[in-house]
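Subject: A structure to look through

Dear colleague,

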Amino acid sequence: MTLISGDKLRGHLEAMILSTLSDGDAHGQEILRRLEAAGCGLLRLKEGSLYPALYRLEAAGEVKGVWEPESHGRRGARRRIYRLTGKGSRKLEVSRGEWRQFVRILGPIFGVQA
Amino acid sequence: MTDTNLTQLKVLVERIVRPVRASLRTKRKVREELLVHVSGVFEEEFARLGDDRGALAQTTVRLGDPAEVTAQLQKSVSAGDDFRRYWEGEPGEPAWRTAARVAGGTAALAAVVLGIMLAATGGTRGWPLAALLAGVGAALAVPAYFFALTLFTAWMERVCHGPLGWSWRRVVVAAAGLWLFTLLCMAGANRPAWQSRIPVTEAMTAGLISAHFVVFACALGTSSTKRAIYQREWAGLDIA
C-alpha cells in the first residue's frame with residue numbers, strides 16, 4: 001500500500017491530533033508515535049508540521065500544553081505535555097461528525113461502501 | 001550525543017525558528033520543544049543507522065522543509081504576541097529605547113486609571129483643583145520614574161554582568177544611586193506632608209522601600225542578562 005503523506009493529510013492534522021490526545025496526555029513525539037501506530041505505519045507526517053498545528057490548537061484553547069518539570073537528562077531541554085480540553089473534546093466530536101458525513105457523501109461517488 | 005551533534009541539531013531548529021516574527025518568549029518555547037523533538041529523532045535514527053551523519057540527514061528529512069515549517073509557525077503566532085514582541089523590544093537595543101517604551105506603557109496605564117477615576121467621580125467638576133493637579137502630576141511623574149528606573153536597571157545589569165566584570169565599587173555606586181533616586185522621588189511625592197518636618201518613621205519606611213527597588217533592579221538585571229546570554233547563544237549559530 002502507498003504511504004499517505006503531505007497534501008492528503010492537510011486539513012485533517014488538527015482533528016487527528018485531537019483524536020490522539022483523547023487517548024491520554026502526550027508530548028509531540030508520542031503524538032506522532034500514536035498517529036503512526038494508528039495508521040499502521042502508512043502515515044508519513046513531516047514532523048516539523050506537528051508543532052505549528054499544536055500551537056494553533058493551543059491558541060484556540062482546544063489543547064493545553066504544560067512543560068515537564070524535569071528535563072530527565074535531555075541537557076536542559078524539557079518536553080511539553082499536551083492535554084485535550086473540554087473545548088477540544090467538543091471540537092473532536094464535531095470533526096468526527098464532519099468526517100462521517102464526508103465519507104457518506106464521497107463514498108458512493110467513488111463507488112465505495114461507506 | 002556529542003556537543004557537535006547537539007550544535008547541528010540546534011542549527012536545524014534555528015533555521016526554522018529564526019525567520020519567524022514572534023516574541024522572544026514564543027521563540028524560546030518553540031526552540032526548546034523542537035530541540036527536544038529533533039534530539040529524540042536523532043537518537044532513534046542513530047540507534048537504527050549507527051552513524052552520526054546518516055542520523056542527522058534522516059532527522060533533517062523527517063523534520064520537513066524548514067521554510068514550510070517556518071511559514072506554518074508564523075501563521076500559528078497569535079495577534080497578542082505582536083504586543084509582547086513590541087514590549088520585549090529588539091535584542092540588544094539601547095537602554096533609552098527600552099526605558100522610553102516602559103515609560104510610554106506606564107503613561108498609557110496611568111492615563112487609563114486617571115480616566116476611570118474621573119469617570120467614576122463624575123468628571124473633573126467633582127474634584128478640588130489641588131486633587132486634580134496631584135492626580136495629573138502623578139500620572140506624569142510615574143512614567144518619568146519608570147523611565148529612570150529602567151535606565152538604572154540597565155546600569156545595574158552592566159555593572160553586575162557587563163563586559164568589565166564584577167566590581168564591588170561600581171555595584172555599590174549604582175545601588176546607592178538608585179536607592180537615593182528612589183528615596184528622593186518618594187520624598188518629592190510626600191513633599192506636602194513633609195514640608196514642615198520629616199517624620200522619622202516615614203522616612204525610614206521610605207528608605208527601606210527604596211532599598212527594595214535596588215533588589216528589584218538587581219533581579220531584573222540578572223534575568224535580563226540570562227535572556228541576553230541565551231539570545232546570543234542562538235543568534236551565534238550559523239544557519240546558512
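Predicted model: local features only at pLDDT ≥ 70, side-chain atom pairs only at ≥ 80, totals over all residues.

Residues are numbered from 1 along each chain as its sequence is written, chains are lettered from A and ligands numbered from 1 in the order in which they are written, and side-chain values use heavy atoms, with hydrogens and water left out.

How the two chains meet

The size of an interface is often given as the accessible area lost when the parts come together. Here chain A and chain B bury about 2100 Å² between them, 52% of it on carbon and sulfur atoms; this buried area is the accessible area (1.4 Å probe) that two parts lose on being put together, summed over both. To the contact, which means heavy atoms within 4.5 Å, chain A brings 24 residues and chain B brings 23 residues.

Across this interface there are 3 salt bridges, a salt bridge being a side-chain nitrogen of Lys or Arg within 4 Å of a carboxyl oxygen of Asp or Glu. A:Glu58 and B:Lys29 are joined by a salt bridge through their side chains, at 3.4 Å from N to O. On the side of chain A that touches chain B, helix 2 (28-38), helix 3 (50-59) and strand 4 (80-84) of chain A each supply at least two residues, and helix 3 of chain A gives the most, with 5 residues. Helices (H or I, at least four residues) and strands (E, at least two) are DSSP runs, numbered from the N terminus.

The nonpolar cores

A nonpolar core is a set of buried Ala, Val, Leu, Ile, Met, Phe, Trp, Tyr and Cys residues joined through side-chain atoms within 4.5 Å, where buried means under 20% relative accessible area, exposed over 50%, and partly exposed in between (1.4 Å probe, protein chains only). The largest such core has 44 residues, and those with the most contacts inside it are A:Ile17, A:Leu21 and A:Ile31. Its largest share, 7 residues, comes from helix 1 (residues 3-17) of chain B. Leaving aside residues up to four places away in sequence, A:Ile31 touches several residues, including A:Ala26, A:Leu50 and A:Leu54. A second, separate core of 12 residues includes B:Tyr145 and B:Phe152.

Is B:Phe42 buried or exposed? B:Phe42, which is found in helix 2 (residues 24-49) of chain B, is buried, with a relative accessible area of 3%. Among the residues that B:Phe42 touches, not counting those up to four places away in sequence, are B:Met1, B:Leu9 and B:Leu56. B:Leu9 is 33 residues from B:Phe42 along the chain, yet their C-alpha atoms are separated by 8.3 Å.

Salt bridges over the whole structure

Over all chains, a search finds 19 salt bridges. One of them joins A:Arg33 to A:Glu30, with the closest N and O atoms 3.3 Å apart; both residues lie in helix 2 of chain A, 3 residues apart, about one turn of the helix. Another joins A:Lys91 and A:Glu62 at 3.8 Å, N to O. A:Lys91 counts as partly exposed at 32% relative accessibility, whereas A:Glu62 counts as buried at 8%.

Finally, A:Glu47, B:Glu44, B:Glu45, B:Arg48 and B:Arg62 are linked in a network of salt bridges.

With best wishes
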